[in-house]
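Colleague: I would like to learn how to read a few features of a model. Please take them in turn, with the general idea ahead of the case.

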Amino acid sequence: EVPFKRPFKLSEDNTPEWHAWTHALNYLKDIEGSLPEIMVSLPTTSPFRAVSDIEDCLDEYEKGDADIVVTITDSHRNPYFNMVKKGPDGTFSLVNETAQTLGNRQSTPEVFDMTTVCYVVNSNFVLSNSGIFKGRVKAVMIPPERAIDIDTEFDFQVAEALVKSGRIVL
């Protein structure tokens with residue numbers, strides 16, 4: 001049973017997830033007359049999450065010092081070393097430059113990829129802010145094979161290959 005559906009304008013590929021969360025919480029507040037203390041979002045684009053990933057996020061949130069708990073995995077690229085952006089003149093530079101020249105990836109600040117495996121967030125925080133990083137964010141580490149985020153046909157092919165190889169068991 002689906003209690004409500006989000007409007008089409010909040011269901012497009014480029015719709016910020018935050019807007020969908022706000023819509024759902026406002027629906028609960030307006031129609032149901034109540035607002036849950038926390039909201040858990042499990043995007044369908046991360047089909048390999050484990051129950052333990054959700055439990056770990058809930059446990060991290062229950063520690064009490066976060067507005068939101070997100071999931072992360074080790075980054076494959078580092079914006080201080082091997083990620084570049086194109087400038088208006090057509091030349092390229094590092095995404096994040098530092099005052100000190102960094103000669104290798106090991107000397108750069110540690111970075112992570114944020115995943116879409118699970119979000120646990122305070123409902124009032126969602127309704128009173130405009131994005132995840134407007135508050136206190138904590139994270140739970142997810143192994144790369146469970147952090148697959150299917151946004152493109154290529155992502156789907158990678159996920160399918162992982163299942164066929166036996167590396168992912170559904």
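Modeller: A salt bridge is a side-chain nitrogen of Lys or Arg within 4 Å of a carboxyl oxygen of Asp or Glu. Here the side chains of Arg167 and Glu145 form one, at 3.9 Å from N to O. Arg167 sits in the segment after α4 (153–165) and Glu145 in the loop between β6 and α4, so the pair, 22 residues apart, links distant parts of the chain; helices (H or I, at least four residues) and strands (E, at least two) are DSSP runs, numbered from the N terminus.

Colleague: What should I know about the model and its numbering?

Modeller: This is a predicted model, in which local features need pLDDT of at least 70 and side-chain atom pairs count only at pLDDT 80 or more, while totals for chains, interfaces and linings use all residues. Residues are numbered from 1 along each chain as its sequence is written, and side-chain values use heavy atoms, with hydrogens and water left out.

Colleague: Are Arg167 and Glu145 buried, partly exposed or exposed?

Modeller: Buried means under 20% relative accessible area, exposed over 50%, and partly exposed in between (1.4 Å probe, protein chains only). Arg167 is exposed at 57%, and Glu145 is partly exposed at 24%.

Colleague: How many salt bridges does a search of the whole structure find?

Modeller: The search finds five. One of them joins the side chains of Glu60 and Lys63, at 3.1 Å from N to O. Glu60 is buried, with a relative accessible area of 16%, whereas Lys63 is exposed at 61%.

Modeller: The side chains of Arg136 and Asp65 also meet in a salt bridge, at 3.8 Å from N to O. This pair links distant parts of the chain, 71 residues apart: Arg136 is in the loop between α3 (123–128) and β6 (137–141), and Asp65 is in the loop between α2 (51–62) and β2 (68–74). Arg136 counts as partly exposed at 45%, and Asp65 counts as partly exposed at 31%.

Colleague: Which strand is joined to β1 by bridges?

Modeller: Two strands pair if DSSP finds at least two bridges between them. Four bridges join β1 to β5 (residues 112–122), and the two run antiparallel. The bridge partner of Ser41 in β5 is Tyr119.

Colleague: How should I read the length of α4?

Modeller: The expected span of a helix is 1.5 Å times one less than its number of residues. Helix α4 has 13 residues and reaches 18 Å from its first C-alpha to its last, close to the 18 Å expected. Just after α4, Gly166 takes a positive phi of about 90 degrees.

Colleague: Where does Pro3 lie, and is Pro3 buried or exposed?

Modeller: Pro3 lies in the segment before α1 and counts as exposed, at 56% relative accessibility. The C-alpha atoms of Pro3 and Leu28 are separated by 9.7 Å, with the two residues 25 apart along the chain.
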